[in-house]
Amino acid sequence: NPAQDYPNINVKKMVKYMVNHPNKNYGFMLRLKDEAALYSSLKFASSDHSNASIHPKLKVCYTTSNGGKQITHEAEFDALKLNVYPNPFNDQLTLDVKALNQTQGTISITSANGIEMRSFIRFFNSADNSKINLNDVVKGLPSGIYFIKLTTSDQTISTKILKQDD
């Protein structure tokens, strides 16, 4: 069925194994039991899909103890998105930060070889969108490949950008 959905794939055993064997962790791979059958496939949307409601999400639930009281926590790892445009850019660059909750964090720009080119920029995001104009920050950067890293208290995401001369 082309509209079939897989909303609750339980990866608890895989994650436990990854935690207990960090040197053997190479990520997740989902596949069919029989991949030799003609026209067999499963389709999963990427985080770039135009329909945000079918983007993949990883939700981690865990319990801690505080003075004998059990506290349940949830962390959703698709709660923060970063869109950078235009890319490639000249002297104008805008970040569009989308967060499910109010978010505070920092932004850094590093060169392709890992050298921090611009100092950290602090931002605060409401529960909707936050467009951040970085024209003054990118002014004077030489042409080349850079990475923008967005860091919050519980998540870090990065994306590649390309600076071109006029």
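## Burial cut-off and overall make-up

A residue counts as buried when its relative accessible area is under 20%, as exposed when that area is over 50%, and as partly exposed in between. By this cut-off Lys 163 is buried, because its relative accessible area is 5%. The model discussed here is predicted.

The protein has two helices and nine strands. Read from the N terminus, the order of elements is α-β-β-β-β-β-β-β-α-β-β. Of its 166 residues, 25% are buried. The protein exposes about 12,400 Å², and 50% of this area comes from carbon and sulfur atoms. Among contacts between residues at least 6 apart in sequence, 46% join residues at least 24 apart.

## The largest nonpolar core

The largest nonpolar core contains 21 residues. Those that touch the most other members are Leu 82, Leu 93, Leu 95, Ile 107, Leu 134, Ile 148 and Leu 150. Two or more residues of this core come from each of strands S3 (80-85), S4 (94-99), S5 (103-111), S6 (116-125), S8 (144-152) and S9 (156-163).

Leu 93 gives a view of the packing around one core member. Apart from its neighbours within four places in sequence, Leu 93 is in contact with Val 84, Tyr 85 and Pro 86, with Ile 132, Asn 133, Leu 134, Asn 135 and Val 138, and with Ile 148 and Ile 161. Two of these partners, Leu 134 and Ile 148, are also named among the core residues that touch the most other members.

## Strand pairing around S8

Strand S8 pairs with S5 and with S9. S5 and S8 run antiparallel and are joined by seven bridges. Within this pairing, Ile 107 has Leu 150 of S8 as its bridge partner. Ile 107 and Leu 150 are both listed among the core residues that touch the most other members.

The pairing of S8 with S9 is also antiparallel, over eight bridges. Here the bridge partner of Ile 148 is Thr 159 in S9. The two strands form a hairpin, with three residues between them.

Thr 152 also belongs to S8. Thr 152 counts as buried because its relative accessibility is 11%, and the cut-off is under 20%. Leaving out residues up to four places away in sequence, Thr 152 touches Leu 80, Thr 103, Gln 104 and Gly 105.

Lys 131 lies in strand S7, which spans residues 129-133. At 54% relative accessible area, Lys 131 is exposed, since exposed means over 50%. Not counting residues up to four places away in sequence, Lys 131 touches Tyr 85, Thr 94, Leu 95 and Asp 96. Lys 131 and Leu 95 are 36 residues apart along the chain, yet their C-alpha atoms are separated by 5.6 Å.

The side chains of Lys 131 and Asp 96 are joined by a polar contact of 3.3 Å. The pair also qualifies as a salt bridge, with an N to O distance of 3.3 Å.

A search of the whole structure finds three salt bridges. One of them joins Lys 163 to Asp 91, with the closest N and O atoms 3.3 Å apart. This pair links distant parts of the chain: Lys 163 is in strand S9 and Asp 91 in the loop between S3 and S4, 72 residues apart. The lysine of this pair, Lys 163, is buried at 5% relative accessible area. Asp 91 counts as partly exposed because its relative accessibility is 32%, a value that falls between the limits of 20% and 50%.

Another salt bridge is formed by the side chains of Lys 139 and Asp 136, at 3.9 Å from N to O. Both Lys 139 and Asp 136 are exposed.

Definitions and conventions. Residues numbered from 1 in each chain as written. Predicted model: local features only at pLDDT ≥ 70, side-chain atom pairs only at ≥ 80, totals over all residues. Heavy atoms only, no water. Core = buried A, V, L, I, M, F, W, Y, C linked by side-chain atoms within 4.5 Å. Buried < 20%, exposed > 50% of the residue type's maximum accessible area, 1.4 Å probe, protein only. Helix = DSSP H or I, 4+ residues; strand = E, 2+ residues; numbered from the N terminus. Contact = heavy atoms within 4.5 Å. Pairing = 2+ DSSP bridges. Polar contact = N/O pair within 3.5 Å; in protein donor to acceptor, adjacent residues only side chain to side chain. Areas by Shrake-Rupley, 256 points an atom, 1.4 Å probe, with all protein chains shown as cover. Salt bridge = Lys/Arg side-chain N within 4 Å of Asp/Glu carboxyl O.
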